[in-house]
Each structure stands twice: as C-alpha cells, then as structure tokens.
Amino acid sequence: MTQDLIALAKAWLAEDPDGETREELAKLIDGEDLTELAARFAGTLQFGTAGLRGELGAGPMRMNRSVVIRAAAGLAAYLKAKGQGDGLVVVGYDARYKSADFARDTAAVMTGAGLKAVVLPRPLPTPVLAYAIRHLGAVAGVEVTASHNPPRDNGYKVYLGDGSQIVPPADAEIAAEIAAIASLHDVPRPENGWETLGEEVLEAYLARTDAVLTPGSPRTARVVYTAMHGVGKDVLTAAFARAGFPPPALVAEQAEPDPAFPTVAFPNPEEPGAMDLAFEAARAVTPDIVIANDPDADRCAVAVPDASVEGGWRMLRGDEVGSLLAAHLVSRGVSGVFAESIVSSSLLGRIAEAAGVGYEETLTGFKWIARVDGLRYGYEEALGYCVDPEGVRDKDGITAALLVAELASVLKEQGRTLLDLLDDLAVEHGLHATDQLSVRVEDLSIISDAMRRLREKAPTSLAGLAVTKAEDLTEGTEELPPTDGLRYYLEGARVIVRPSGTEPKLKCYLEVVVPVGSADRLPEARDRATVLLAGIKKDLAVAAGI
C-alpha cells in the first residue's frame, strides 16, 4: 500500500504544471509523509452543483492547477458534446491565492479545445461574471472563487449560458467528462489565443445596476461599508456614485483585496467578530446603516442602529433583509414571482400572498432560485438576494446593497427605520423568528452520523411543540427534487436539517411563528420566540447527537 501511494503521488508530480505545488508534493514524497499523502490521494475533489471548492495544495483532493485544468477540460468536453464547441466562455476570478492562475489555465484550456475564451479585466465580483455571460451571449462562464470560505480555500463555480449555476444532471455529466481525462498531457493549453476584456463589460454591468432603483427615489441614506478584504469596494462605490447616494464611509482595514483576510477568522459577515471593525467605524460616524459584502460580493449583510444591544449595532438576519426587500418591492407595485429556498423564512410567502404576487419554494441554492419561471425577486437566508433577475440570474451583493440603501432612504424621509418596517411586518403577518444551529466539523462522519440518527429516530416534539409532520427530502416531494435533508413541521414552527453544500458543516434552520395582533404585544411575542428557538435548538442537538 505504501508503494502504491508513493507511486500515485509520483505520477501526479510528473504532470503538475505548478512549481509551488510540485515542491510541496516532492517534500511529502521524500519525507514519506504517508498520513498527509493518504489525505491528498484518498480520492478526487468532487465536482458537484457548487462546482469545486476546497483547500489549496498539491494532490487530487486539493485545489490546484492540475485539478482546475482537468475541470476546465471536462467542461469544454461537455460543451462540445452539447453542440456548443465553437461558443464563448467567460472567465472571472476573485483576489484569492491562485485565482488569477486558475482563470488563466481555464482560458487556455477552452482555447485549446476550440472554444472562444474571454477573461474579465481584473478581480471582480461574481455578479459581474454572471451578468457578462448573458450580456456577451456566452455558452458558459466560470468564476474562480471560494466566496466566504477560509483563506486557505479556493473554488471553481460554473454557469451555463442562461447565466445561472449548473444543476443536475449537468454537474454529473461534466464530472464524467472530467473523470475521462487520462492525462494532463492530453489537454492542449496554448500560451495565448484568448482575450482579456476591457472595462466595457463592467460599465455595462454598472449601467444595469441603476435599473433596480425607482427613478426619483430618495438617495439620502448614509452607509458604512466593508468589502471584507474582497473585491467589492470599487464596484459598489461606483454603483453608489452613479445612483447619487452619499459616498459610503469605508472600513479602511478591510477595504482592499487581501487573500490572507488578516482581520477576520472567517471572511463571512455572519461569523462572530467579522463585523467588529465595521461597527467600530459606525460608532465613529453614525451612519443610517452598515453594509458588508462577502469577499466575492455576491452576498450582502446589513446592520442597523439598535440601542438595546451591546455596542449599539445589530446585524439583521438574512431572512429579515429578505423580507424587507420584498416589502419594498411590493410597495413599488412589482409583479412576477417571489422565490426563496426551503431553508428561508416562510414570511416571504405571507408577503407575496397578501400582495397578490406569485410565490415559489426551491431547494437550497441560487442555482435553483434563478430557474423559477417568471422570477422577479429571490432570496436565501444566507445573505443572498437576486433583485434584478433580468440582469443577473444569481445573488448579487451590489444591487442588493443599492436596494437596501434606497429603502433606508425612503424610511428616513418618513422618520422611520428598517426596524420600524420589520415591526409592521410582524404585526401584519405574525412574528417570524429564525435561528440556526450550525456545527463545523473536521470529521465529516459526524455529519453523516447525525443525519442517520435523525432518520432512524425522528423527534416527536421539540421545545414542547409536537412534530406534526416529518419529511425525508432524499425522497423528494411533489414540489421539490430529491436532496439530502430532513424537514419537520411543528405546531407554529419548522425545522430543516441538511449538510452544507460548500463547507464542512451540519446546518439546522429553525423558524417559529408567533401571532402578534398589535404593536404593544411585540415584546411579549419576541420573548416567546426566543424561548421557543432556544428550546428547539437544545432538543434538536440532543436528538442529532451533536
């Protein structure tokens, strides 16, 4: 077995085009580090509906140039098999380690396969890539990004020509083409032949951002903004300037791209401590709201002044922002379909029903939301919002930020805030309170064991609320295709449990709905919701063994 492992590693080393990972792997081979080699060669990084994502390093279980070249070649073969072998592929990338290298390799592989390839002019937000696909009439697009993952990770996100991310069976078909590649020596990679785009595609995207706002609407909201060491700053500030908002006050320590993400443990606005510098800046300049993008700027986080919390600023949950944007769009008289994933708050359905607009639930991920017929607005609780589906059929943290700022401006003119509107929604539709039990693991068997326990013995009650219906989503439903997840309906509550598709996490999504009736009963309803959520979280953890 030892010699087989060493032989595998040496064969990989012989093909590796990257001097950095060759040196890394050679040291492991020379030092006979069998534990690390076994981890690197335990299989291959799986290509799925999130494309590829993983830790940088040498070997087939890591993100590296060899893995990316194979992925690009598999995508090219898939496109050719679909009769699109002379089509255009757009490649974008963020500012993470190796992103530019992976983008260049992708363009080279596409060119070598006979497709046309164009690369965005520099590290830019993922929504710009999603927009460019449809704008340029491409047959596919690739964004090199690991979004909000830790600094050691990178990823490879694939879109098809409709501008939305791949879904089954395309993922499996591309994976099969990747697996069929015997050797990197069989993959032509010319030194040139692709085009690096100019600023025109970015200008076209920025011109489109104006479309999300109401002509003549107030633009007075003052914003503190953090790019979280990512690529959002220049595009967001340009979009705000075009729209006529005051220039956002930047969190200087996090304004420029930095693949080390030195000021945060995880470059995700949802993670504890990630927003500390933004709140510090907000206390100094007293804006109306704080806005954060994640590193590739497809997500948008919002915080508001709140004297009842320590530090005076409170992050809004993704479900709260999702409901606020829906209410804002309803007030503008929009038509079409509102859509969300099953893990997001059921309040969107209430808002849509009251407004007489369509509503649809999908599986988790914008790859599903973006495919809803007649989509006008889509959101997911993980800070993702699609507010201009004709321009970007994916989540877009730039246009979402503009719409939030417009809503804050409208309310400001009325002497009101985002919190006031949330109160209005609770009184009208009931208090929809959400929380999450999220467990990050090193050992993935912990996740599979928890799912097995819940399948073998589903809870009959949580926090004293009877479970009225339990669904194993691997079997699918009338509305949803199969997925690895469990859904429990309770008396006045709902729970969904699923493994994360992008991180080593087990995620449990909790929602309770408490009737309110009148504004003076809101404090009582909030207290009741807090108790119920805490109880559900505790009982669910016990049932899952986590």
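This is a predicted model: local features need pLDDT of at least 70, side-chain atom pairs count only at pLDDT 80 or more; totals for chains, interfaces and linings use all residues.
Trainee: Are Cys 300 and Cys 386 buried or exposed?

Mentor: Buried means under 20% relative accessible area. Cys 300 has a relative accessibility of 1%, and therefore counts as buried. Cys 386, also at 1%, counts as buried.

Trainee: What makes the contact between Arg 70 and Glu 15 a salt bridge?

Mentor: The rule asks for a side-chain nitrogen of Lys or Arg within 4 Å of a carboxyl oxygen of Asp or Glu. Between Arg 70 and Glu 15 the N to O distance is 3.2 Å, and the pair meets the rule. Arg 70 belongs to helix H4 and Glu 15 to helix H1, so the bridge ties together parts 55 residues apart in sequence. Both residues are buried.

Trainee: How do you know that Arg 152 and Glu 55 form a salt bridge?

Mentor: Their closest N and O atoms are 3.9 Å apart, and the cut-off is 4 Å. Arg 152 sits in the loop between strand S4 and strand S5, while Glu 55 is in strand S1, 97 residues apart.

Trainee: Why is Arg 152 called partly exposed?

Mentor: Partly exposed lies between the buried limit of 20% and the exposed limit of 50%. Arg 152 has a relative accessible area of 47%, so the label applies. Glu 55, at 34%, is likewise partly exposed.

Trainee: What does the salt bridge of Asp 210 with Arg 242 tie together?

Mentor: The closest N and O atoms of this pair are 3.4 Å apart. Asp 210 lies in the loop between helix H8 and strand S7, and Arg 242 in helix H9, so parts 32 residues apart in sequence are tied together. By the same rule the count comes to 42 salt bridges.

Trainee: What is the make-up of the lining of the second largest pocket by class?

Mentor: The pocket holds about 320 Å³ of space. Of its 15 lining residues, those closest to its centre include Arg 70 and Ile 178. Helix H4 and helix H7 each give two or more residues to the lining. By class, the lining has 12 nonpolar, two polar and one charged residues.

Key
Residues are numbered from 1 along each chain as its sequence is written. Side-chain values use heavy atoms; hydrogens and water are left out. Buried means under 20% relative accessible area, exposed over 50%, partly exposed in between (1.4 Å probe, protein chains only). On a 1 Å grid over the protein atoms alone, a cavity is a set of points where a 1.4 Å probe fits but cannot get out, and a pocket is an open set with protein on both sides within 12 Å along at least five of seven lines; lining residues have an atom within 4 Å of a point. Grid points are joined across faces, edges and corners, and a volume is the space filled by probe spheres set on the points. Helices (H or I, at least four residues) and strands (E, at least two) are DSSP runs, numbered from the N terminus. Ala, Val, Leu, Ile, Met, Phe, Trp, Tyr, Cys and Pro count as nonpolar, Asp, Glu, Lys and Arg as charged, and the others, Gly among them, as polar.
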